[in-house]
Amino acid sequence: MQREHELLDGIHPLLAGRFSPYRFDPSATVDDHSLRLLLEAARWAPSAGNSQPWGFFPSRPGEPEHERVVRHLAPSSARWATDAGLLVVTSARRHVDDTELLYSEFADYDLGQAIAHMTVQAESMGLASHQFRAFDLEGLTEELRPNPGWAIISMIALGKAAGEPPENRDRRSVADLLSAPWSSRPLAAVSTLPHPGGPAGARTPAP
C-alpha cells in the first residue's frame with residue numbers, strides 16, 4: 001500500500017480515490033438534483049465533430065423503469081447492482097437511423113468520455129460508480145427498444161459505497177503504458193520519466 005500511495009501522490013483526489021465497489025448502501029438514494037448534475041457532466045464531454053453520440057436510460061429503486069432494467073442483470077451483477085441508488089443504461093448512436101451509414105465512427109469512444117465525466121462528477125458528490133456489462137444485452141435491447149441507429153453498450157451502478165476500497169488496486173506502470181503497444185519504441189526511452197510525486201531526479205521504474 002505504501003508504494004501505491006507514493007504513485008498516487010499528486011494525482012487529483014477524485015481520480016486517486018476512485019474504485020468500483022461490489023457493495024452499495026441500499027438505504028442511500030440519488031435524488032433528482034444529483035441525477036441532473038450527473039447527466040449535465042456527461043452532456044459537456046467532448047466528442048468528434050460535436051456529434052455527442054451518447055444516450056442514457058436512468059432508473060432508481062422504486063421506479064417502474066428500475067424493474068425493467070434489473071430483470072436483465074446477470075446473477076453476478078444482480079448481487080450488488082440492485083442495491084445501488086441509480087442504474088444507468090448507456091447507449092451510443094453508431095449509425096444514421098436504420099442505415100449502415102456511420103453516424104460517428106468514434107461513437108463508443110465518445111460515449112466513454114461522457115461516462116468518465118459522469119463518474120468523476122459522481123466522485124465529487126460522494127457517490128461511487130461501477131461500470132459493467134454483466135447483463136442480457138439481447139433481452140435488455142428488446143425491453144428498452146432503442147431507436148434505429150442506437151446501441152446499448154453498458155451499465156453504470158451509482159450510489160454510496162458500502163465498505164472500504166480494496167487494498168490491492170494494482171495498475172500497469174507508466175513505462176508499460178508507453179512501451180507495450182509499440183514494438184519500435186525501446187523501453188529505455190520511457191523508463192526514465194520523472195516520478196509523479198517523488199523528489200527531483202526520481203524516475204519511474206521499468207516493469
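## Salt bridges across the structure

A search through the whole structure turns up eleven salt bridges. Keep in mind that this is a predicted model. Let's look at a few of those pairs.

## Glu40 and its two partners

Start with Glu40. Its side chain meets that of Arg36 in a salt bridge, with N and O 3.2 Å apart. Glu40 also meets Arg43 in a salt bridge, this time at 3.1 Å from N to O.

Where do these residues sit? Glu40 and Arg36 are both in helix 3, four residues apart, or about one turn of the helix. Arg43 is in helix 3 too, three residues from Glu40, again about one turn. That spacing is handy: an α-helix has 3.6 residues a turn, so residues three or four places apart point the same way. Side chains of opposite charge can pair when their charged atoms come close.

How open are the two arginines? Arg36 has 53% relative accessibility, so it counts as exposed, since the cut-off for that is over 50%. Arg43, at 43%, counts as partly exposed.

Now for Arg71, which forms a salt bridge with Glu143; their closest N and O atoms are 2.9 Å apart. Arg71 lies in the loop between helix 4 and helix 5, while Glu143 is in helix 7, so this pair ties together parts that are 72 residues apart in sequence.

Both partners are partly exposed: Arg71 has 45% relative accessibility, and Glu143 has 22%. The pair also belongs to a network of salt bridges that links Glu67, Arg68, Arg71 and Glu143.

Next up is helix 6, residues 107-124.

Which residues of helix 6 are buried? They are Ala107, Asp110, Leu111, Ala114, Ile115, Met118, Thr119, Ala122 and Glu123. These buried residues pack against helix 2, helix 3, strand 1, strand 2, strand 3 and strand 4. Just after the helix comes Gly126, which takes a positive phi of about 80 degrees.

With a relative accessible area of 36%, Ile11 is partly exposed.

Terms used
Residues numbered from 1 in each chain as written. Predicted model: local features only at pLDDT ≥ 70, side-chain atom pairs only at ≥ 80, totals over all residues. Heavy atoms only, no water. Buried < 20%, exposed > 50% of the residue type's maximum accessible area, 1.4 Å probe, protein only. Helix = DSSP H or I, 4+ residues; strand = E, 2+ residues; numbered from the N terminus. Contact = heavy atoms within 4.5 Å. Salt bridge = Lys/Arg side-chain N within 4 Å of Asp/Glu carboxyl O.
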